[in-house]
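Please consider the following note alongside the sequence and the model.

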Amino acid sequence: MARSLSRALLTVPFTLGYTLVLLGTGLYARLGDPGTVRDLLAGSSTDVFHLSQRPLLTLLVSALWAVGGITSPYLAAFPLVLGALERRLGGVRTAAVFLLGHVLATLLTEVPVAVSVAAGHLPDSSLRRLDYGVSYGLIACAAALAGLLSPRRRWTLLGGVALALVAGILVDVDPLTGWGHAFALLLGVVSWPYVRRNIRWRPQAERKDDASPGFAHSERASGNT
């Protein structure tokens, strides 16, 4: 079992390394000095102010944290989703899908804020808000992974993610976060042609599902659309 686990982990180096980073920052957020942690999170926020000052650094450091720290549900889902996607696509392409969701969903939510402040529709305080974490990239990867599954599993995964997002909107009072999650889900779906063209491996069970009666050829996760 230990050898099998080691071999499995070696097939997902990007996911393994990234998960260890999130575990480290999560532990620091729990055990570190509260004032220092608060300053680090504020400095990692992908708000308009920080994006206008240092966009690349802000986008990078904001993705080093999971909202909720070591007990975050995002941290629990992260290795499962990205690991499954990396086994099918490889580390580089998985990272590309993650960055697609993380970067574009952030810009799609923050650029309208900047425009609204410039037009006088929002106060200047809207330029600074606490927004960090891996949720946008994670949701995009989950939606991309759905495009590689058989239809039944695909819509089950997408439906589960959508229900989780709706539940989050009911709890979270920040509408921008909700919009960001919705954009990330859409971006993951948009990436289906890319991930289907670059798939390198699928579990045997999924190949059997694809061969089942009534499965449309155009729906197969082989890249044919």
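1. In which helix does Leu-108 have its place? Leu-108 lies in helix α7, residues 91-118; helices are DSSP runs of H or I with at least four residues, strands are runs of E with at least two, and both are numbered from the N terminus.

2. The model is predicted: local features need pLDDT of at least 70, side-chain atom pairs count only at pLDDT 80 or more, and totals for chains, interfaces and linings use all residues. Residues are numbered from 1 along each chain as its sequence is written, and side-chain values use heavy atoms, with hydrogens and water left out.

3. The protein chain contains twelve helices and zero strands. Of its 225 residues, 41% count as buried (under 20% relative accessible area; exposed is over 50% and partly exposed in between, with a 1.4 Å probe and protein chains only). Among contacts with a separation of 6 or more, 77% join residues 24 or more positions apart; contact means heavy atoms within 4.5 Å.

4. The accessible surface of the protein chain is about 12000 Å², and carbon and sulfur atoms account for 69% of that (Shrake-Rupley method, 1.4 Å probe; for residues, only the protein chains shown count as cover).

5. Leu-108 also belongs to a nonpolar surface patch with Leu-104, Leu-107, Val-111 and Val-115, which together have about 390 Å² of accessible area. Patch residues have over 30% relative accessible area and no salt bridge; nonpolar side chains (Val, Leu, Ile, Met, Phe, Trp, Tyr) are joined within 5 Å, like charges within 9 Å. Leu-108 itself is partly exposed, at a relative accessible area of 40%.

6. The whole structure holds two salt bridges, each defined as a side-chain nitrogen of Lys or Arg within 4 Å of a carboxyl oxygen of Asp or Glu. One joins Glu-110 and Arg-129 (2.6 Å, N to O). This pair links distant parts of the chain, with Glu-110 in helix α7 and Arg-129 in the loop between α7 and α8, 19 residues apart. The other joins Arg-129 and Asp-131 (3.2 Å, N to O), so that Glu-110, Arg-129 and Asp-131 are linked in a network.

7. Helix α8 (residues 135-146) and helix α10 (residues 175-190) have axes that come within 7 Å and cross at roughly 35 degrees. Axes are lines fitted to C-alpha atoms, for helices over the stretch in contact, and angles run from 0 to 180 degrees between N-to-C directions.
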